[in-house]
Amino acid sequence: MAKDVQLSCSFCGRSKGDVGLLISGIDAHICEDCIQQGNEIIVSEGTSKKKKNVKDIDLKKPKEIKALLDEYVIGQDNAKKTLSVAVYNHYKRLNYDRGDDGVELEKSNVLLIGETGTGKTLLAKTLARSLAVPFCIADATVLTEAGYVGEDVESIISRLYQAADYSKEATERGIIYIDEIDKIARKSDNPSITRDVSGEGVQQGLLKILEGTVANVAPQGGRKHPDQKMVQIDTSNILFICGGAFDGIDKIISRRMQANSLGFKAGDNKEITTDEYLEYAIPSDVKQFGLIPEIIGRIPILTALKPLDADTLKAILLKPKNALIRQYIQLFEMEGIKLTISDSVIDYIVEKAIEFKLGARGLRSVCEAILSDYMYEAPSDDTTKEVNIGLDEAEKVIERLRLKAA
């Protein structure tokens with residue numbers, strides 16, 4: 001005769017006599033108390049997931065984002081504030097589900113206008129690094145319409161997919177910086193009868209991915225072919241930051257403001273200089289420059305970066321975490337050499353960078369020219385323990401370069 005088996009809850013271990021209800025499964029049992037506790041956990045976890053996904057970005061507030069940008073980017077306070085708010089709102093929109101009222105939050109891509117070397121690319125890079133999201137840079141000048149020699153617009157998404165270590169989910173929450181977008185402006189005054197495959201045609205191709213579409217991308221990049229396996233990426237939640245120098249747009253702005261050659265008089269009777277016109281840029285100016293209205297509508301946030309003055313350039317050399325002078329000092333320290341650059345040389349580097357009209361990029365060019373010979377000789381000379389750069393040496397190097405250029 002078989003012995004009676006005492007049934008018990010597989011979770012809490014209590015016997016059938018100690019619980020009100022014991023539900024039996026194939027190989028296990030569960031009591032009503034454990035069922036109730038399990039239900040409470042499910043409800044709690046479900047509520048939290050509706051508000052926030054476990055894979056959400058650790059989103060900082062706009063002031064915190066700007067503070068991070070301040071560590072690496074000198075000046076451009078208006079641009080940093082605009083970007084901080086845009087990025088915060090974008091990822092806040094992704095982190096939280098739409099409410100019961102059905103309000104759908106649209107993403108807001110950003111357009112940065114500013115001369116070369118004013119920090120457009122650095123701002124985008126620093127943003128992506130601070131948020132720890134995939135980031136890639138695309139050059140609009142190499143893009144062409146699909147079917148023509150060059151890169152089509154979907155290759156941009158492929159590049160981000162590679163930067164995300166081939167994670168589809170991470171790709172769809174990344175940031176893409178499209179540089180030189182002004183170079184694909186519509187060439188309305190072009191007398192050529194050939195198709196504008198690198199101008200307006202590219203703008204038309206960008207429309208869908210800027211707004212949000214499912215793009216078929218080649219995982220390894222390159223041109224598509226019929227036998228290649230494609231990955232479908234939804235671009236709806238990818239943030240696009242576009243940048244360009246828009247050389248000549250200041251004249252469009254000044255005409256709109258009915259300025260004469262002496263400058264436009266603002267409300268406070270302060271004269272607006274040529275460099276300051278960018279601050280007054282509006283979407284219609286960008287349209288007149290040559291971007292089609294559909295593109296402008298998909299990049300609703302427009303902010304301008306100011307040309308860098310001498311004080312700002314000097315601060316870029318010395319103050320940020322990745323300041324140029326700190327970088328060169330570190331490079332020499334790795335060889336066991338102490339590098340000293342006099343204040344007069346710092347001022348000279350700034351002066352030459354302004355003269356070359358290359359913004360912050362000009363600083364590196366001048367520094368490389370001055371330090372190149374030292375960086376060549378020092379690693380092979382064990383007796384060198386200290387390098388002092390004076391004004392005479394710096395001036396001789398730059399003058400020698402001038403003679404070569406001439």
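# Helix packing and local contacts in a predicted model

Among contacts in the chain between residues at least 6 apart in sequence, 68% join residues at least 24 apart. The model is predicted.

Colleague: How many helices and strands does the secondary structure of the chain come to?

Modeller: The chain has 406 residues, and 41% of them are buried. Its secondary structure comes to 15 helices and 13 strands.

Colleague: At what angle do the axes of H13 and H14 cross, and how is H13 placed relative to H14?

Modeller: H13 covers residues 343–356 and H14 residues 359–377, and their axes come within 8 Å. They cross at roughly 125°. An angle between 115 and 145 degrees is neither roughly perpendicular nor roughly antiparallel, so H13 is oblique to H14.

Colleague: What is the hand of that crossing, and which residues of H14 make the contact?

Modeller: H13 passes H14 in a right-handed crossing. From H13, the contact uses Ile349, Val350, Lys352, Ala353 and Phe356. From H14, the residues are Gly359, Gly362, Leu363, Val366, Cys367 and Ile370.

Colleague: What covers the buried residues of H11?

Modeller: H11 spans residues 310–318, and Thr312, Leu313, Ala315, Ile316 and Leu317 are buried in it. The cover over these buried residues includes H12 (324–333), H13 and H14.

Colleague: Which residues in H4 do the H3 residues meet?

Modeller: On the H3 side are Ala79, Lys80, Leu83, Val87 and Tyr91. In H4 they meet Leu123, Leu127 and Leu131.

Colleague: Where is Ser130 placed, and which residues does Ser130 touch, not counting residues up to four places away in sequence?

Modeller: Ser130 is in H4, which runs over residues 120–131. Leaving out residues up to four places away in sequence, Ser130 touches Lys60 and Leu68.

Colleague: Over the ring of which residue does the charged end of Arg129 sit?

Modeller: The charged end of Arg129 is 4.7 Å from the centre of the ring in question. That ring belongs to Tyr72.

Colleague: How many aromatic pairs are there, and what kind of pair do Tyr161 and Tyr166 form?

Modeller: The count is 2 aromatic pairs. In the pair of Tyr161 and Tyr166, the ring centres are 5.4 Å apart and the planes stand at 90°. Planes over 60 degrees apart count as edge-to-face, so this pair is edge-to-face.

Colleague: Are Tyr161 and Tyr166 buried or partly exposed?

Modeller: The relative accessible area of Tyr161 is 9%, so Tyr161 is buried. For Tyr166 the value is 36%, so Tyr166 is partly exposed.

Conventions
Residues numbered from 1 in each chain as written. Predicted model: local features only at pLDDT ≥ 70, side-chain atom pairs only at ≥ 80, totals over all residues. Heavy atoms only, no water. Phe/Tyr/Trp six-rings, centres within 6.5 Å; stacked < 30°, edge-to-face > 60°. Buried < 20%, exposed > 50% of the residue type's maximum accessible area, 1.4 Å probe, protein only. Lys NZ or Arg CZ within 6 Å of the ring centre and 35° of its normal. Axes fitted to C-alpha atoms, helices over the stretch in contact; angles between N-to-C directions. Helix = DSSP H or I, 4+ residues; strand = E, 2+ residues; numbered from the N terminus. Parallel < 35°, antiparallel > 145°, perpendicular 65-115°, else oblique. Left-handed = near helix turned anticlockwise from the far one by under 90°. Contact = heavy atoms within 4.5 Å.
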